[in-house]
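Q: Can you walk me through this structure? I'd like to start with the ligand and then get to the sheet.

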Amino acid sequence: MTVRIGYTGRTDGVALRDVFARVLARIGEDPDFVYLDADLMSSVGTRDWALAHPDKAFNMGVAEADMMGVAAGLAAAGFRPLVQTFGPFASRRCFDQVFLSVAYSGRDLTVIGTDPGVTAAFNGGTHMPFEDMALYRAIPGATVLDMADAVQLEAVLPLAYRQAGLKYIRFGRKPVLPVYASGSTFDIGRAPCLREGRDATIVASGLLVAESLAAADRLAAEGLSVTVLDAFCIKPLDGEAILAWAGRTGALVTAENHNVIGGLGSAVAELLAEHGPCPLERVGVREAFGEVGPQDYLQRRFGLTADDVADAVRRVVLRKAGAAAGQ
Amino acid sequence: MTREERLRLREFAVRIRQETVLSIRARGFGHAGGALSVADLLAVLYGSLLRVDPARLDWPERDKVVCSKGHAGPALYAALALRGYFPLDWLATLNQPGTRLPSHCDHRLTPGIDMTTGSLGQGVSTAVGLALGDRLKGRDNRVYLVVGDGELNEGQVWEAAMFAAHHRLDNLVAFVDHNGKQLDGPTRDILDLPDIPGRFAAFGWQAQSVDGQDVEAIDRAVRTAWATEGRPHMIVLETTKGAGVTEIASMAMNHHIVMTEALAEAALAELAAELDRLRREEA
Ligand SMILES: Cc1ncc(C[n+]2csc(CCOP(=O)(O)OP(=O)(O)O)c2C)c(N)n1
C-alpha cells in the first residue's frame with residue numbers, strides 16, 4: 001500500500017461510472033469473467049461493452065433476485081461473475097439469494113451497488129440505501145468496500161474481483177472530490193492514513209473521506225490537529241490501525257454515508273467496546289429513510305457534511321478533556 | 001362514449017402531458033418516456049372512471065390506484081393536481097429539496113397517492129393485498145394497478161399474479177404499459193416476453209389488449225372488466241414510450257432524459273397545438 005494524497009477540495013470531473021466501465025473492460029479479459037446487470041447497464045456506462053461481448057455480459061432484466069441466483073450458478077460452473085445494480089436492489093431486493101445461494105454456498109461473487117446513500121439524490125428515498133453495508137456486513141466472510149474516489153475504485157476493484165468469496169463494493173456514478181493521486185495502491189483490509197494529528201482521529205469511508213479532509217483543514221485553523229483514516233474496507237476492518245490511533249489520539253469520530261446502525265460507526269464502536277474504549281462520536285444517518293433532492297441538500301439534511309464532521313470532532317475532544325479532568 | 005366525452009378525455013390527456021413536461025422542465029431532467037406513455041390511461045381513470053373524492057382522501061370505499069412503475073410519478077402528480085388533489089403550482093417542486101412530489105410515488109408525501117412504489121415489482125403485491133383487504137372488509141370499490149412491461153421481469157409480479165387469480169380478486173383491474181422499452185432499451189432485446197395477454201390468461205386472469213393511446217378503447221376495456229366476475233383483470237395497453245411528444249417518442253433511449261429548454265419548448269408547442277385542435281373540434 002502506497003498512497004499519495006490528491007485532495008484539493010475540487011472535483012476533477014472524472015465520473016466513477018466511466019472508471020467502472022474501463023476497469024470492467026480490463027478485468028473482462030479474464031476468460032472466466034462474466035458480467036450480469038439488472039437493466040441498469042446504460043446508467044453505469046457498460047452497455048456498449050456488454051453489447052460487444054454477448055458471451056460475457058448478460059442483461060438479466062429487472063430481476064435482481066434471479067440475477068444473484070444465476071450468478072451463483074455461473075460461479076458453480078467455474079466462472080467468476082460480477083453483478084451490478086443500484087445499491088438498494090443489490091442488497092435489500094435480493095438479500096436471501098445473496099446470503100444462501102452465494103455466501104452460505106461458498107461461491108465467489110463480486111457485487112457492485114451503485115449510488116449508495118445520498119448519492120441516489122434525485123431517485124429519492126426508495127432508491128437511497130443507508131443499510132446496504134449493514135446487510136452485507138452481517139454475512140459471514142463477506143468483504144464490504146466503500147469507495148472514496150476514482151483512483152481508489154480503479155485500484156481496488158481488480159483486487160476485489162480476484163479475491164475469493166463474496167465482495168460488496170459501493171460507489172456513486174458521478175464525479176466526486178478526489179482524495180488520492182494517481183498511482184496510489186491499496187490493500188484490502190488496511191486503512192490508509194491520510195493525515196496525522198494529535199487531538200482526535202476521524203475514521204471515514206466513501207463520500208465522507210473528502211468531507212473529513214475538509215473538516216481537518218478547518219479544525220487545523222482552530223488549532224486542532226486530527227488524524228484521518230480511510231476505512232474503505234468496512235469489513236474486514238483495519239482494527240490494528242484504528243486501535244493504534246485511538247491510543248495515540250484518545251478520541252475517535254466515524255463518518256459514513258450510511259446509517260450509523262450496522263455500518264462503519266457500528267464496526268468501530270464494536271471494536272472499541274471489545275478492545276479498550278475511548279470517546280467516540282459517529283457521523284452518519286440516524287433513524288431516517290432517504291428522501292429526494294440534490295446531493296448537497298441531502299448531505300446537509302442528513303448531517304453528512306464537513307461541518308458535521310468538524311462538530312463531531314469538537315464534541316469528542318471536549319469529552320476527552322472532560323474524561324481526563326474527571327480522572 | 002359520446003363524442004364530447006371522448007374529446008374531453010383527450011384534452012385531459014394533453015393537459016396531463018403538458019403539466020408533466022412543465023414539471024420535468026422545472027427540474028431539468030426526469031423519467032419522461034414512461035410518464036408520457038400512461039397519460040391517456042390516467043385521463044380515463046381520473047377524468048371519468050375512478051370513484052374518488054379529492055376532499056376525502058381517507059374514504060375507505062374509494063377506488064385505489066397503485067402505480068407500480070413508480071417512476072411515472074410526474075404524470076400521476078399532473079393528473080392529481082388537475083383533478084384538484086393539490087394546487088397545480090406544486091408540480092414545479094418535483095424533486096426539489098423538501099418536495100412532496102418525489103420522482104417515485106410516495107403515499108406518505110403526496111395527497112391521492114395510495115401506495116409507495118419505486119422498487120419495481122413490489123406494487124403488484126401491495127395492490128393485490130389492497131384488493132384482498134377491501135374485499136374482506138366488504139367494500140365495493142376497485143383497485144387499479146399500473147405495471148411496466150420491463151417491470152414484468154420481476155418474479156414477484158408473477159407470484160402476485162398467481163395469488164390474485166387463486167383468490168378470484170375481480171376487484172383488481174391491472175394495466176401493463178406495453179411501450180416495448182425498459183431502461184436499457186427494447187424489452188425484446190433484453191428479456192423478450194411475447195403474448196403478455198396470453199400469459200396472464202394462462203395464470204387465470206381475464207386478459208385484454210387495447211390501444212393504450214386511445215381513451216375510448218381504454219374505457220371500453222375497463223367496462224368489459226367490470227362486467228366479468230370471478231377473475232382479476234389485465235388490460236395490456238399498446239403504447240409508445242414518450243407518446244404525445246414526437247421528439248421524445250422518437251429517441252432511441254428515452255427512459256430518463258435531460259429536458260433542455262429547446263426540447264421543452266418543442267414539446268409544449270406540439271401539445272398546445274394538439275389541445276387547440278381538440279378544442280376546435282369540440283366547438
Ligand atoms: C427493483 C428495481 N430494479 C431496478 C430499478 C431501476 N429502474 C427504474 S425504471 C426501470 C425500467 C422499467 O421499465 P418499464 O417497467 O418497462 O417502465 P417504462 O418503460 O414503462 O418506463 C428500471 C430498471 C427499479 N426502480 N426497481
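**Ligand site, chain contact and sheet**

Q: What classes of residue make up the shell around the ligand?
A: This is a predicted model. In it, the shell around the ligand has six nonpolar, twelve polar and nine charged residues.

Q: Which residues are the closest to the ligand?
A: Gly34(B), Gly148(B), Gly150(B), Glu151(B) and Gln182(B) are the closest of the 27 residues that surround the ligand.

Q: Why is the site shared between chains?
A: Because the residues that surround the ligand come from chains A and B.

Q: And which elements of chain B supply at least two residues of the shell?
A: Helix 2 (32–36) and strand 5 (181–182) of chain B each do.

Q: How many residues does each chain put into the contact between them?
A: Chain A gives 25 residues and chain B gives 24 residues. The chain B side has 13 polar, seven nonpolar and four charged residues.

Q: New topic. What is the strand order in the open sheet of chain A?
A: The order is 2-1-3-4-6-5-10, seven strands with mixed pairing. Strand 2 (57–59) and strand 10 (233–235) of chain A are the edge strands, each pairing on one side only.

Q: Do strands 5 and 6 of chain A run parallel or antiparallel?
A: Parallel, with four bridges joining strand 5 (residues 143–146) to strand 6 (residues 166–171) of chain A. Val144(A) stands opposite Tyr168(A) in strand 6 of chain A.

Q: Which strands does helix 8 of chain A touch?
A: Helix 8 (residues 150–162) of chain A packs on the sheet and touches strand 3, strand 4, strand 5 and strand 6 of chain A. The direction of helix 8 makes about 165° with that of strand 6 of chain A.

Methods
Residues are numbered from 1 along each chain as its sequence is written. Chains are lettered from A and ligands numbered from 1 in the order in which they are written. This is a predicted model: local features need pLDDT of at least 70, side-chain atom pairs count only at pLDDT 80 or more; totals for chains, interfaces and linings use all residues. A residue is near a molecule or strand if its C-beta atom, placed from the backbone, lies within 6 Å of it. Ala, Val, Leu, Ile, Met, Phe, Trp, Tyr, Cys and Pro count as nonpolar, Asp, Glu, Lys and Arg as charged, and the others, Gly among them, as polar. Two residues are in contact if their C-beta atoms, placed from the backbone, lie within 7 Å. Two strands pair if DSSP finds at least two bridges between them. Axes are lines fitted to C-alpha atoms, for helices over the stretch in contact, and angles run from 0 to 180 degrees between N-to-C directions.
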